[in-house]
Structures are given as C-alpha cells and as structure tokens.
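Please read it with the sequence and the structure side by side.

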Amino acid sequence: MNVQKENILEQVKEVLVDLFEMDESAIVPEAKLYEDLDIDSIDAVDMLIDLKKNMKVDISPAQFNQVKTIQDVVDVFAKMSADAQ
Amino acid sequence: MKSVRKVWQIISAAISYFFFGLGALIVGVFFRLLSPIPIITAATKQKWIRWCIHKGCLAFIRFMRILGLIRYSFDLESMEQAKSGHIVIANHPSLIDVVLLLAVNKNLCCFVKSGVWDSFFTGAVARQAGFIPNSAEESVPMAAAKLKAGENLLIFPEGTRTEAEQDIRFKRGASNMAVAVNASILPVLIKCHPGALKKGDKWYHIPEGGPNFSLSSGHLLTLDDCIDTAKPRTIQYRQLTQFLEDYYKNWIATETPVATNKS
C-alpha cells in the first residue's frame, strides 16, 4: 500500500475504534466488515458518515455498496480523494 | 392407552393448526373484499383486523387448552399499565409465542418474517394489519414511524426460536430500533415447561399433558436505565443488546426481572 492509503487506513482504524470500541489489531486490510468485524448494514451507515466527516470526502451510499473488506474501504476513499484533487 | 393419547394429541394439534390457517384465510379474504370500499379507511381496517387477530389468537389458545394440548398463565400487570409507543421484547422458546402475545395484547404491531409476509394465508392479513416486514430496507423507518405514532412493536431479539435456554443470544435488531427512536422497552419472559415446539421440533410433538406456558412482564425500561446514551449510537446498540441479554439470562435463572447496573 502506498503512503496515501496507509494514511487512510490509519484514519479508518481511528473511526472504527471510536465507533465500535474495536481492538485495533483486528483491523487489517483483509478483514471482512461483516464476517470478521461484526459491522452490519446499519453500522455501515454510521461508519460511512464518520469516515466522510474525517476525511472530508463525499461518497454516496451507492458507491460504498460494494465494500466488503477494510482494503475495499481504503480503496474507495483513496479513489474519491484522488478524484477530488 | 398412551399411544391412543399420542394419536389424539397429534389429531387435535392438526385440528388446531387447521383452524388457525382457516381463520387466517377467512380474515384475509374478508378484508381483501373490503378493500375497494372507499368509506372504510385503512386505519379502520387495521383496527378491525387487529381486533380479529387478537380474538383469533385468544380463541386458538383457549381451544388448545380445552383439547388439553397446552396450559398457560399470565402475569403481565406492567405490560397492561405501560403507555404506548414502546417496544415489547420477548424470548422465543416456542412456535406459538406470537399467538400467545397477540392473545394478551389487543394492539401490537409485529415484525413478520418474509415467509409470513409473502404467504397466501397470512400475507394479506399481515399487510392490512399494518405489520412490518423484517427484511425490507424500509423496515427500520417504517417501524420508527409507527413507534412515534404511538404503536407498540413486538420484536424477538433472538431473531429466531431459542436453541438452548441456557445460552440466549440476542441480535442487535431490537436495540437498533430502540436507540434509533429512543423508545422504551417492555420485556416479557415466556417460559415453556416442558420445552415444546422449539426450533427443530416437529409441530405435532407435544409433551404429555401439554406444556405449561407462563408469560410475565418486567418493568418498562427506558434507554437511560440500560445504557450510557451519550456514547456513539454504534456503541449504544451493542451495549443495549448485551444489557438485555444479561437481563434475560438473569431473569430465566432467578425468575425475577432485575435490571443490573449499567456498564
């Protein structure tokens, strides 16, 4: 992962620990949101809101729909930040 | 003699379920015929249907009792006194839990699973009764709107029938709803001894003498009684779920509904 994505991963970790009191060591790129981290569709909405606020990037729920793993989250935000610049 | 009694039990259970299905069908057809009549508003229809459902469920459990299939007792003072716009939760030991709850409660809005929502027999009744499908995207907003309008919602936090009474596991659905709307929660405990009509049991397997169902209700719980509502919603969902799970485990073990200190 490049530097930008590493930064995004750190921010994602911060939001997840804040929102779910999650163990940081569990937040790895391969982790599946639903099966591994117990983040359901209702949680995902709150998670997206916080992530958007933190990273000041606008992403629609539709764009976020395909996200299944932490890596997917990072990729989506990396892409949207890049597009915004 | 025992086998004759067994056969009688199976027959009478079949008769009971048959009348239940027939009743649902008749109510469904009757109200579908009523649909085109403009004077009768959806709200009125809903009231009538819920009245029919309530009376039907009451008749059903009385019928089963007369046939010696079940016994039941209720201790639900707190439920009768609770105000409107709250969520009723219950554990889910048997197949007929909903029937029992609808028999004791005149105006309850239920979450129905897709099997019931889509079924020919029960689907029309469920829709016109203003019930909510549990699997649609609009389920949460629909439920929130009903709670705000003063209806009482029935949710089984386990999501399905209990597998092992010693290991009750609540999913987050009920908590999602309660936190989203800041609704109070009325807990009901359903005890069924000996265990019958559990998940995996055949519908005709009924213990000797019929299982004894006892329903009791605890005090209305506000969210502040249970959790720290200053925390992020995502944490509230989890803490509330854990609180309610512990509450029920304790209740089952001690037969007393006690709210333990919130974490």
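In this predicted model, the largest nonpolar core comprises 70 residues, and those with the most contacts inside it are Ile87(B) and Ala178(B). In soluble globular proteins, nonpolar side chains tend to be buried together.

**Nonpolar cores**
- Leaving aside residues up to four places away in sequence, Ala178(B) touches Ile87(B), Ala183(B), Ile185(B), Leu223(B) and Leu240(B).
- Another core, of 18 residues, lies apart from the largest one, and its members include Val12(A), Val15(A), Ile27(A) and Leu33(A).

**Packing of α8(B) and α10(B)**
- Helix α8 of chain B (residues 173-181) packs on helix α10 of chain B (residues 233-254) at an angle of about 130°, and their axes are 8 Å apart.
- Because of that angle, α8(B) is oblique to α10(B), and the crossing of the two helices is right-handed.
- On the α8(B) side the contact is made by Ser175(B), Asn176(B), Ala178(B) and Val179(B), while α10(B) contributes Arg233(B), Gln236(B), Tyr237(B), Leu240(B) and Thr241(B).
- By residue class, this contact of α8(B) with α10(B) divides into 4 nonpolar, 4 polar and 1 charged.
- Ala178(B) and Leu240(B), which take part in this helix contact, also touch each other in the list of contacts of Ala178(B).

**Contact between the chains**
- Where chain A meets chain B, 8 residues of chain A are in contact with 6 residues of chain B.
- The elements giving two or more residues to the chain A side are α1 (3-20) and α2 (41-55) of chain A.
- That side of chain A divides into 3 nonpolar, no polar and 5 charged residues.

Technical notes. Residues are numbered from 1 along each chain as its sequence is written. Chains are lettered from A and ligands numbered from 1 in the order in which they are written. This is a predicted model: local features need pLDDT of at least 70, side-chain atom pairs count only at pLDDT 80 or more; totals for chains, interfaces and linings use all residues. A nonpolar core is a set of buried Ala, Val, Leu, Ile, Met, Phe, Trp, Tyr and Cys residues joined through C-beta atoms within 7 Å. A residue is buried if 20 or more other C-beta atoms lie within 10 Å of its own, exposed if 12 or fewer, and partly exposed in between; C-beta atoms are placed from the backbone. Two residues are in contact if their C-beta atoms, placed from the backbone, lie within 7 Å. Helices (H or I, at least four residues) and strands (E, at least two) are DSSP runs, numbered from the N terminus. Ala, Val, Leu, Ile, Met, Phe, Trp, Tyr, Cys and Pro count as nonpolar, Asp, Glu, Lys and Arg as charged, and the others, Gly among them, as polar. Axes are lines fitted to C-alpha atoms, for helices over the stretch in contact, and angles run from 0 to 180 degrees between N-to-C directions. Angles under 35 degrees count as roughly parallel, over 145 as roughly antiparallel, 65 to 115 as roughly perpendicular and the rest as oblique. A crossing is left-handed if the near helix is turned anticlockwise from the far one by less than a right angle, and right-handed if clockwise.
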